[in-house]
Amino acid sequence: MERLYFTSFESPYGSLWVMRSDNGVVRLILPTPSRRKIDQGPSLLAEFRDRHLPGFQMMESKNQFRDVNRWLKSLFRGDPPAEVVPVDLYGTDFQKAVWNIVHGIPFGTTITYGAISKRLRRRSSAARAVGAAVGANPVPLIVPCHRVIGERDKLVGFGGGLKMKQGLLREEGILLL
């Protein structure tokens with residue numbers, strides 16, 4: 001039976017929950033304003049497993065996440081992470097195409113939903129579909145969807161809340177109003 005490993009990390013924003021397969025990180029759950037006090041991480045990870053990886057056994061393990069721990073510490077210090085954390089993404093072809101672009105956004109820079117649409121050679125009206133794909137990103141931070149913004153530098157949408165998004169961008173040296 002194949003295994004999925006999971007653990008939690010404390011961040012300046014609250015507890016993060018991370019799950020990985022043997023191929024890479026499959027899910028990262030951000031603390032949200034509604035989940036900051038009630039820890040639902042393990043049950044949310046199990047729901048993801050049941051939907052995308054049924055039959056996999058979940059095991060808690062800090063040892064499987066040393067690279068993720070170093071990566072997150074760098075990010076929260078405001079330093080570009082020195083290493084690449086492998087990801088193992090599950091989604092539609094369109095979602096994966098969007099996530100691939102988002103994964104390539106350099107530290108300290110942003111991109112708009114419309115610009116992602118253009119890179120995908122879609123109409124500008126596809127920005128909403130891009131927004132839905134970005135919102136479905138299963139590994140935020142590692143696939144840095146916090147670096148995706150609206151037109152005219154508008155701060156929009158983020159699973160961890162706009163306060164967290166603004167804080168992450170500020171840590172990367174990006175100042176938006």
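**Cores and aromatic pairs in a predicted model**

Reader: Which residues touch the most other members of the largest nonpolar core?
Author: This is a predicted model, in which local features need pLDDT of at least 70 and side-chain atom pairs count only at pLDDT 80 or more, while totals for chains, interfaces and linings use all residues. Residues are numbered from 1 along each chain as its sequence is written, and side-chain values use heavy atoms, with hydrogens and water left out. A nonpolar core is a set of buried Ala, Val, Leu, Ile, Met, Phe, Trp, Tyr and Cys residues joined through side-chain atoms within 4.5 Å, where buried means under 20% relative accessible area with a 1.4 Å probe, protein chains only. Of the 37 residues in the largest such core, those that touch the most other members are V98, V102, I116 and L141.

Reader: Which element gives the most to this core?
Author: Helices (H or I, at least four residues) and strands (E, at least two) are DSSP runs, numbered from the N terminus. Among the elements that each supply at least two residues of this core are β1, β2, β3 and α6. The element that gives the most, with five residues, is α2.

Reader: What does helix α2 reach from its first C-alpha to its last?
Author: Helix α2 covers residues 66-77 and has 12 residues.

Reader: Is F76 buried or exposed?
Author: F76 lies in helix α2, whereas Y13 lies in the loop between β1 and β2, so their pair ties together parts that are 63 residues apart in sequence. F76 has a relative accessible area of 15%, and it therefore counts as buried.

Reader: How many aromatic pairs does the structure hold, and why is the pair of F6 and W17 tilted?
Author: Rings of Phe, Tyr and Trp (its six-membered ring) pair if their centres lie within 6.5 Å, and planes under 30 degrees apart count as stacked, over 60 as edge-to-face and the rest as tilted. The structure holds three aromatic pairs. In one of them, the rings of F6 and W17 have their centres 6.2 Å apart and their planes at 35°, so this pair is tilted.

Reader: Which residue lies over the face of F65?
Author: A charge sits over a ring if NZ of Lys or CZ of Arg is within 6 Å of the ring centre and within 35 degrees of the ring normal. At 5.6 Å from the ring centre of F65, the residue over its face is R20.

Methods
Expected span 1.5 Å × (residues − 1). Buried < 20%, exposed > 50% of the residue type's maximum accessible area, 1.4 Å probe, protein only.
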